[in-house]
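Notes below, in the order I looked things up.

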Amino acid sequence: MRIITITCPACGTVVAANELEDDRVMKCPGLGCQEVLRFEDLPEDEREYFLRNRERYQI
Ligand SMILES: [Zn+2]
């Protein structure tokens with residue numbers, strides 16, 4: 001299974017796409033970082049892959 005991740009453009013913290021909350025927006029977990037990460041920032045092919053396989057990413 002492919003691991004879809006988002007890299008924070010501000011601090012470089014890597015976040016797994018499945019950690020994004022249901023609204024698909026989350027604050028960067030990086031220490032002291034205020035960047036907001038959005039699912040929509042992922043490349044289109046990665047978004048499609050994630051949504052197609054969404055149930056497999058559920059914890
Ligand atoms: Zn960050």
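Predicted model: local features only at pLDDT ≥ 70, side-chain atom pairs only at ≥ 80, totals over all residues.

**Entry 1: Phe50**

Is Phe50 buried, exposed or partly exposed? I counted 18 C-beta neighbours inside 10 Å for Phe50. The cut-off for buried is 20 or more and for exposed 12 or fewer, so Phe50 goes down as partly exposed.

Next I checked where Phe50 sits, and it lies in helix α1, which covers residues 44–52. Leaving out residues up to four places away in sequence, I found Phe50 touching Ile4, Ala17 and Tyr57.

**Entry 2: Cys33**

I moved on to Cys33, which I found in the loop between β3 (25–27) and β4 (36–38). I get 15 other C-beta atoms within 10 Å of Cys33, so I filed Cys33 as partly exposed.

Which residues does Cys33 touch, if I ignore those up to four places away in sequence? My list reads Cys8, Ala10, Cys11, Thr13 and Cys28. I then looked at Ile6, which is 27 residues from Cys33 along the chain. The C-alpha atoms of Cys33 and Ile6 are separated by 15 Å.

**Entry 3: Arg24**

Arg24 made me stop at the backbone angles. Its phi is near 65°, a positive value in a residue other than glycine.

Where is Arg24 placed? I found Arg24 in the loop between β2 (14–16) and β3. With 14 other C-beta atoms within 10 Å, Arg24 is partly exposed.

**Entry 4: the whole chain**

Then I zoomed out. I count two helices and four strands in the protein. Reading from the N terminus, I wrote the order down as β-β-β-β-α-α. The radius of gyration is 11 Å, close to the 10 Å that the globule rule gives for 59 residues, so I have the protein as compact as a globular protein of that length.

I also boxed the C-alpha atoms along the principal axes, and they fill roughly 35 × 20 × 20 Å. How much of the protein counts as buried? I get 7% of the 59 residues.

Note on methods:
Residues numbered from 1 in each chain as written. Contact = placed C-beta atoms within 7 Å. Rg over C-alpha atoms; globule rule 2.2 N^0.38 Å.
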